[in-house]
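Here is a friendly walk through some helix contacts. Have a look at the fold, and then we can go through the packing together.

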Amino acid sequence: MRLERSANTKRNIIIGELDKITGILLPFIVRTLIIHIMGEKYLGLTGLFYSILQMLNLAELGFGTAIVYSMYKPIADGDTKAINSLLRYYAKVYRRVGAVILVAGLAVMFFLPYLIKDEVPKDVNAYILYFIYLFGTVTNCFLYPNRRALLSAFQRDDMIGRTHMITQTIMYVLQAVSIVLAKDFYLYAITVPITSILFSLLSKYRADKIFPQYKEEGELDPERDSEIKKQVTGLMIRRVAMLSRNAFDSMFITAFLGLGMNAIYGNYYYIMDAVVMILAVMRSSMAGGVGNSIAMESEKKNLKDMNTINFLFMLISGWCAIIMLCLYQPFMLLWAGKKLVLPLEFAVVFAVYFYILKMSDIRSLYSESAGIWWEMRYISVLEALANLVLNWCLIKWLGLMGVILASMISYFIFNFICGAVMLYRCYFTEEKIALYFIKHGVYFVITAVIGTATFFIVSLIEIDGIPGLIVKAIMSTVIPAALYAAVYIRTKDMKQAEPLIKKVIKRKKKVNEQD
C-alpha cells in the first residue's frame with residue numbers, strides 16, 4: 001500500500017502545529033501563574049520530576065518507535081495478519097513495560113532527598129507529588145498505546161494531534177483554575193493522570209473508528225519477534241542519549257545549584273523547547289512518509305529527498321535561532337522579571353544549542369526510518385556517558401553554563417557527526433559523507449553571519465516594554481528572512497527545493513479552493 005505521503009504530511013503538519021501552539025501558549029500561561037502566584041521553587045520541583053520520569057520512560061519510547069517502524073513494511077504490503085499480530089504483541093509487552101516503570105519509579109522515591117538541594121515548599125509533600133506524576137506516566141503504558149502506534153504508522157498523526165489538543169486544553173484550564181482559585185498544587189498535579197487517561201481512551205476510539213479491520217490477534221513469527229527485540233534494544237540505548245540531555249541537566253542543576261536555579265534554567269529551556277516542539281511537528285509528520293519511501297524507493301532517491309528536506313529544514317531552523325537570539329532577553333525580562341533573567345551570553349548559547357539540536361533532525365529521521373538503531377548502540381552509550389561526565393565536571397567549573405555546554409558538546413560529537421557517519425555506512429553505502437558535512441558547515445556560517453548582523457541591528461532599537469518587544473520581533477523576523485533570500489535564491493540547493501515548495505503551495509491552493 002502506497003500512502004498519500006504529501007497529503008498526509010501536510011495534514012499532520014497543520015494539526016500538529018495547532019496542537020503544539022496550544023501546547024506552548026497554555027502551559028506558558030500556567031507557568032506564568034506559578035511564577036507570580038506560587039513561586040519559582042514549584043517550577044523547579046516539577047521540572048525535576050519530569051526529568052526523572054523521562055529517564056524511566058525510556059522503555060516506552062524505544063518500544064513504541066520500534067513497533068511503528070515494524071509496521072511500515074506490512075502496511076506497504078497490505079499484510080493485515082502481520083499488523084494484527086504486531087498490535088497484540090505490542091499490547092502484551094507494553095503491560096510489562098508499565099510494570100517495570102512503576103517498580104523503578106517507586107524505587108527512585110528513596111533517592112529524592114539526594115536530588116533536591118534546598119527545601120521543598122512547605123505546603124507540598126515531594127513524595128506524594130512525585131507519585132501523582134508517576135501514576136500519570138504509567139497509565140500511558142496500560143491504556144491502548146498500540147492504537148496510537150497504529151495511527152502513527154499509517155501517517156495519521158493528525159488524529160492523535162486533535163485528541164491531544166483537546167485533552168491538553170482541558171488539563172491546562174483545570175491547572176490554571178487550581179492555581180488561581182484554590183492555590184493548591186496537588187489539584188494542579190492530579191490533572192496530569194486524569195487527562196492522560198482521557199487521552200488514551202479517546203485515541204483508542206478514533207483508531208477503532210478509522211481502522212476497524214485491525215484487531216489484537218495472532219502470534220508473531222520467531223524471526224520478526226527476534227528482529228523487534230534487537231531493534232528495541234538499540235533504540236532504547238539511543239533514547240538514553242536523547243533523554244539524558246535534559247534529564248541529566250535538570251538533575252545536576254537541582255542537586256548542585258538548587259530548585260531556584262533549575263526554575264530559571266527551565267524558563268530559558270522552555271522557550272527553546274517550545275520552538276523545538278513546533279519544528280518537531282514537521283519532522284514527525286514526515287515520519288510515516290519517509291518510512292514508506294524507505295520501504296519502496298531507491299537509496300539514491302531517498303538521499304536526494306533527504307538533502308532537499310534538510311536544506312529547507314535548516315533554513316527554517318536558522319531563522320528561528322536568530323529570532324530567539326534577538327528576543328530572548330527582552331522577552332524574559334517582561335515575562336519572568338529581572339531577578340529571573342540570565343546574562344546575555346546564555347541567550348547566545350541557547351540559540352546556538354537550538355541550532356545544533358536541529359542539525360541532526362532530518363538525518364535522524366532517515367536513520368530511524370531505515371531502522372539502524374542497533375548499529376548505533378555504542379555511539380548512543382558514548383553520548384550518554386560523555387554528557388554525564390561533562391555535566392559532572394563542567395558544572396563545578398562553569399556552573400549553569402557548564403551544564404548547557406556539556407549537552408551541546410556531547411550531542412554535536414556523537415549525534416551529529418557519528419550519527420551521520422553511521423547512516424552513510426549502513427544505508428547510503430554508495431555515497432560520500434563529506435558533502436553532507438560541508439553543506440552543514442556552509443549553512444552554519446551563513447546563519448552565524450546573518451544572525452550577528454540581525455542582532456546588531458535589533459540591539460539598536462531603544463524601545464522598552466511590550467511595544468519594544470513587538471518592534472524587535474518584527475525586525476528579527478523580517479531581516480534574516482530577507483538576507484536568507486538574498487543569499488540562497490540562486491543556489492543549487494534552492495533550485496532543487498523549488499519543486500517541493502511549489503508542490504506544497506499548489507496543494508495548499510487546491511485545498512483552499514475545495515474549502
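## Helix α13 against α16

In α13, E345, F346, V349, F350, V352, Y353, I356 and L357 meet L400, M401, I404, S407, M408, Y411 and F412 of α16, where contact means heavy atoms within 4.5 Å. These residues divide into 13 nonpolar, one polar and one charged; Ala, Val, Leu, Ile, Met, Phe, Trp, Tyr, Cys and Pro count as nonpolar, Asp, Glu, Lys and Arg as charged, and the others, Gly among them, as polar. Helices are DSSP runs (H or I, at least four residues) numbered from the N terminus.

The model is predicted: local features need pLDDT of at least 70 and side-chain atom pairs pLDDT 80 or more, while totals for chains, interfaces and linings use all residues. Residues are numbered from 1 along each chain as its sequence is written, and side-chain values use heavy atoms, with hydrogens and water left out.

The axes of α13 and α16 (residues 400-426) lie 10 Å apart at an angle of about 20 degrees; axes are lines fitted to C-alpha atoms over the stretch in contact, and angles run from 0 to 180 degrees between N-to-C directions. The two helices are therefore roughly parallel (angles under 35 degrees; over 145 is roughly antiparallel).

## Helix α12 against α13

What is the angle between α12 and α13? Helix α12 (residues 299-335) packs on α13 (residues 344-358) at about 165 degrees, with the axes 9 Å apart. That makes α12 roughly antiparallel to α13. By class, this contact has 14 nonpolar, three polar and one charged residues. Among the α12 residues taking part are F313, M314 and Y328, and α13 contributes residues including F350, F354 and K358.

N310 sits in α12 and is buried, with a relative accessible area of 5% (buried means under 20%, with a 1.4 Å probe and protein chains only). Not counting residues up to four places away in sequence, N310 touches M359, I362, Y436, H440 and Y443. Y436, H440 and Y443 are also among the buried residues of α17.

## Helix α6 against α9

Helices α6 (residues 126-142) and α9 (residues 185-210) pack at about 5 degrees, their axes 8 Å apart. That makes α6 roughly parallel to α9. This contact has 13 nonpolar, five polar and no charged residues. Its α6 side includes I132, F135 and G136, and its α9 side includes Y188, V192 and P193.

Notes:
Parallel < 35°, antiparallel > 145°, perpendicular 65-115°, else oblique. Buried < 20%, exposed > 50% of the residue type's maximum accessible area, 1.4 Å probe, protein only.
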